[in-house]
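Trainee: Hi! I'm new to this one, could you walk me through it?
Mentor: Happy to, let's open it up together.

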Amino acid sequence: MHLYRNARVPLVCLPAPLNRPVEGSDPRVEPWRACDVLVDGDRITRVTPAGAEPPAPGVGVTDLGHAMVLPGLLDVHTHLDKAHTWHRAPNPTGEFWDAIKVLGADSVNWTDKDLHRRASFALRCAWANGTNAVRTHVDSGGGVGAAGHAVMARLREEWAGRITLQTVALCGLDGFVNGNAGDIMNLVATHQATALGGFPQPNPDLPRQLDYLLAAAKELGVGVDLHVDESSLVHAECLRATAEAVLRNQFPYPVACGHNCSLAVQPEARALDTLSLVKAAGIGIISLPLCNLYLQGRGYSPEGAPATPRWRGLTLLHEFMEAGVPVACASDNVRDAFYAWGDLDMVEVYTQSVRLGHLDTRLEASPSVATTGPAAIMGLPTHGRVAPGSPADLVVLAATTFNELLARPAARRRLIRGETFRSAEVPAYAELFGG
Ligand SMILES: [Zn+2]
């Protein structure tokens, strides 16, 4: 057993009654509590107020020196099959539809070996950045689905005990309804995918398409995780249609919707009405702030000169959180045509989400977007918490306060794995090309 002393843990990641602010502190400014965390093997067994109990004889002790400490982080929306293709499939316009074309053309290169090399590099980045659960969408509609799912299933085995890897079968809803549902359902069943995915588009047939998708998911006994409304189109209401379909079908498995950008440009009353439907349907909301920042609001003058973005694509983070809807922020694409940068780094996603979404005015709840929020959506109730029974994966930040963390987000962190520290070294890019 090992005792980590003087860890400043965000209140939202602690169990009751430790999750209440101590007297005299202002949780609007610094919503953490100083704790001692006892670890036995790979699990946390006890969390107590700092200094409340002396360590038992024979227990190793490390003083964390009042560092901010997060639980292992969860990245609930990624695309490991597309990751790290930028060097050979760049997208110089940064446009959404160009990204689809560029990666469609690149997908001829997605052999088992290529997929495994890139996806395993991405997982090594996630692990080195302190993440212990990842959900990836896997392109499933075309010729690449079989290889993608097989490689992710292999990676799930290779990373078992470190990163929990969930997969979602991503496809166009048109194709799913009109022919390839059987093939995709086979992939899901064979490779134990967590959910059926898809990117519904506004169209008169949408309710029927969603009914069909939900029926297929029900038959498989899996949830649904969709890309919806990734645009600034006011009439894009696939989130609303999904909520209505879940309620209409009394769909019994977990449902998550990613992006939800267009909600932010709709009339307030309509947007809030959709939000109520989402809550009633029990849908989890996933925001992809960095990728939306990159793709949304792209524009060019009639002469072709790049224009300044006028809107930044963020969904109604505050309003969903206020309503008690599970909310996660996640990486989405990393170093591919949809998003040129990123490193599967949930500390970066968290700190940027605070800045972009003004989550500083909801600071106490804010760490939930990288911890308890995605844990709820992924069905991993002990993850994302510093609590008895949780995995003993801790991220020790080079900061003693939220303010220091948000001011200097790139400072290198240390990682606790069970009773010792482990490496937080990200792999060198050269390793993508070696061997
Ligand atoms: Zn995505």
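Trainee: Where is Pro17 found?
Mentor: Pro17 sits in the loop that links S1 with strand S2, residues 32–40. Keep in mind as we go that this is a predicted model.

Trainee: Okay, and is the peptide bond from Ala16 to Pro17 cis or trans?
Mentor: That bond is cis, and its omega is near 0°.

Trainee: You mentioned S1. Which way does S1 pair with S4, parallel or antiparallel?
Mentor: Parallel: strand S1 (residues 2–10) and strand S4 (residues 60–71) are joined over six bridges. To find your way along the pair, look at Arg8, whose bridge partner in S4 is Met68.

Trainee: What's the strand order in the sheet of seven strands?
Mentor: The order reads S3-S2-S1-S4-S13-S14-S15, in an open sheet with mixed pairing.

Trainee: And which are the edge strands?
Mentor: Those are strand S3 (43–49) and strand S15 (420–422), and each of them pairs on one side only. Across this sheet, neighbouring strands are turned by 40° against each other on average, with direction ignored.

Trainee: Let's switch to helices. At what angle do H2 and H3 pack?
Mentor: The angle between helix H2 (residues 112–128) and helix H3 (residues 145–158) is about 45°, and their axes are 10 Å apart. The two helices are therefore oblique to each other. Their crossing is right-handed.

Trainee: Which residues make the contact?
Mentor: On the H2 side you have Asp112, Leu115, His116, Ala119, Ser120 and Leu123. H3 brings Ala147, Gly148, Ala150, Val151, Met152, Arg154 and Leu155. Sorted by class, the H2 and H3 contact has eight nonpolar, three polar and two charged residues.

Trainee: What about H6 and H7, left-handed or right-handed?
Mentor: H6 passes H7 in a left-handed crossing. The axes of H6 and helix H7 (residues 268–281) cross at roughly 35° and come within 9 Å. Among the residues in that contact are Leu239, Ala243 and Leu247 of H6, along with Leu277 and Ala281 of H7. By class, this contact has eight nonpolar, one polar and two charged residues.

Trainee: How many bridges join S10 to S11?
Mentor: Three bridges join strand S10 (residues 255–259) to S11, and the two strands run parallel. Opposite Ile286 in S11 you'll find Gly258.

Trainee: Last topic, phi angles. What is the phi of Gln192?
Mentor: Phi of Gln192 is near 50°, which is a positive value in a residue other than glycine. You'll find Gln192 in the loop between helix H4 (173–190) and strand S8 (195–198).

Trainee: And what about the phi of Asp229?
Mentor: Asp229 has a positive phi too, about 50°, although it is not a glycine. Its place is the loop between strand S9 (223–228) and helix H6 (238–249).

Trainee: Why does Gln192 count as partly exposed?
Mentor: Because Gln192 has 13 C-beta neighbours inside 10 Å, and a residue needs 20 or more to be called buried and 12 or fewer to be called exposed.

Trainee: So is Asp229 buried or exposed?
Mentor: Asp229 is buried, because 31 other C-beta atoms lie within 10 Å.

Terms used. Residues are numbered from 1 along each chain as its sequence is written. This is a predicted model: local features need pLDDT of at least 70, side-chain atom pairs count only at pLDDT 80 or more; totals for chains, interfaces and linings use all residues. Axes are lines fitted to C-alpha atoms, for helices over the stretch in contact, and angles run from 0 to 180 degrees between N-to-C directions. Helices (H or I, at least four residues) and strands (E, at least two) are DSSP runs, numbered from the N terminus. Angles under 35 degrees count as roughly parallel, over 145 as roughly antiparallel, 65 to 115 as roughly perpendicular and the rest as oblique. A crossing is left-handed if the near helix is turned anticlockwise from the far one by less than a right angle, and right-handed if clockwise. Two residues are in contact if their C-beta atoms, placed from the backbone, lie within 7 Å. Ala, Val, Leu, Ile, Met, Phe, Trp, Tyr, Cys and Pro count as nonpolar, Asp, Glu, Lys and Arg as charged, and the others, Gly among them, as polar. Two strands pair if DSSP finds at least two bridges between them.
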